[in-house]
Amino acid sequence: MNLHEYQAKALFTRFGIPVPSGQVAAAAAEALAAARQLGGDRWVVKAQVHAGGRGKGGGVVLVDSPEAVARESGRLLGGRLVTRQTGPYGLPIGLVLVEQPTAIARELYLSLLVDRGARRVLVMASPAGGMDIEEVAATTPERIHTAHVDPAAGLQPYQCRRLGFGLGLTAEQIRPFQAILFGLYRLFTECDSTLVEINPLVVTEAGGLLALDAKINLDDNALYRHPDLLALRDVSQEDEREAKAKEHDLNYITLDGNIGCMVNGAGLAMATMDLVQLHGGQPANFLDVGGGTTAARVAEAFKLILSDAKVKAVLVNIFGGIVRCDLIAEGIVAAVREVGIRVPVVVRLEGTKAAEGLQLLDQSGLALQTAGDLTEAAAKVVAAAG
């Protein structure tokens, strides 16, 4: 689960990480009041969406009067922000963050993430703050400094010092940098994060350190331990079908193709999508209905796939290990009858009660095609999609 910048900065403050003074607003009048309360003669208005590249997309604006704060907030609120991370339709803007600007001397990059290969938390730091870290890694990898944290020992002061000096910080700045890193590590572990990022972490003209931006991703599988963090979820920033899938414990990701895929098991789902592409088709989604699938869950998954107007054909590929294929067939029949199918459906069942499942499909009276193996199923669905 992703957090908005203002939510991430609230967590930063809780863990002792310095951030600029700011207030969030849902209307132009609220933004005007926030600017007057913050004081000063300049303000930054930031659109709150779950995407990077907001500045280049026109979602971060520097203004020099409270009236301009209200005007720019009104322009942003209720609209959609398009960046290279949002896709062509962008994301809706329901809130803006009004902040006091910072006098910046240098911009740095700092993040913590899970290195699954090393089974460690990885700290990444770079003097090339304000840039995409992927671009820095590709063009100037020597500018990225890293440290792996042993889970038994935790983050060590010597690692903070080494990273700090790698960033070119002065001896006086190492202590506050170490405090920031320890705060980030506590936040990362206590909140079950998968990514905590400050880009940029700025050195101010006065020599201090400040988190100018904040990005936090939380582990969905650990949110049951954090009801306070789960309450921060903004469904408006999520794909509508993906949000609906979560309600039914389905793993669904929207893609750009026109062949809907319903599979049980992530590995089998990836193999199915690969085979569809091998035969010249394009998957419209990744959908794993899980190993303990029920007929009701299959029905919901089927309705989810058919709610995508791009879908021209559907491929159902189920391996009955734990789950029985006849129950899957019942779910398919129920969903097709409820939704009113308008596209071809190809079904491949294999494993427990597969013969009974295929018999149910054949006797349903519905226009369902069956296939004996995955290769045949992929060829049929690609042909059906045109």
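Biologist: In this predicted model, which strands does helix 1 lie across, and at what angle to strand 6?

Modeller: Helix 1, residues 5-14, lies across strand 1, strand 2 and strand 6. Its direction is at about 50° to strand 6.

Biologist: What about helix 3?

Modeller: Helix 3 lies across strand 2, strand 3 and strand 6, and runs at about 10° to strand 2.

Biologist: Which order do the strands of the open sheet have, and how are they paired?

Modeller: The order of the four strands is 1-6-2-3, with antiparallel pairing.

Biologist: What makes strand 1 and strand 3 the edge strands?

Modeller: Strand 1 (22-25) and strand 3 each pair on one side only. Neighbouring strands in this sheet are turned by 20° against each other on average, with direction ignored.

Biologist: How do you know that strand 2 and strand 6 pair?

Modeller: Pairing requires at least two bridges. Four bridges join strand 2 to strand 6, and the two run antiparallel. The count therefore meets the requirement for a pair. As for a particular residue, K46 has L97 in strand 6 as its bridge partner.

Biologist: Which residues of helix 3 are buried, and what covers them?

Modeller: In helix 3 (residues 66-76), the buried residues are P66, A68, V69, A70, E72, S73 and L76. Their cover includes helix 2 (28-38), strand 2 (43-47), strand 3 (60-63) and strand 6 (96-99). Just after helix 3 comes G78, with a positive phi of about 85°.

Biologist: Why is N217 called buried?

Modeller: The cut-off for buried is under 20% relative accessible area. N217 has 17% relative accessibility, so N217 counts as buried. This residue is found in strand 12, residues 215-218. Leaving aside neighbours within four places in sequence, N217 is in contact with M1, N2, S193, T194 and L195.

Biologist: Which residues make the contact, and of what class are they?

Modeller: Helix 9 contributes T272, L275 and V276, and helix 13 contributes L374, T375, A378, V381 and V382.

Methods. Residues numbered from 1 in each chain as written. Predicted model: local features only at pLDDT ≥ 70, side-chain atom pairs only at ≥ 80, totals over all residues. Heavy atoms only, no water. Contact = heavy atoms within 4.5 Å. Buried < 20%, exposed > 50% of the residue type's maximum accessible area, 1.4 Å probe, protein only. Axes fitted to C-alpha atoms, helices over the stretch in contact; angles between N-to-C directions.
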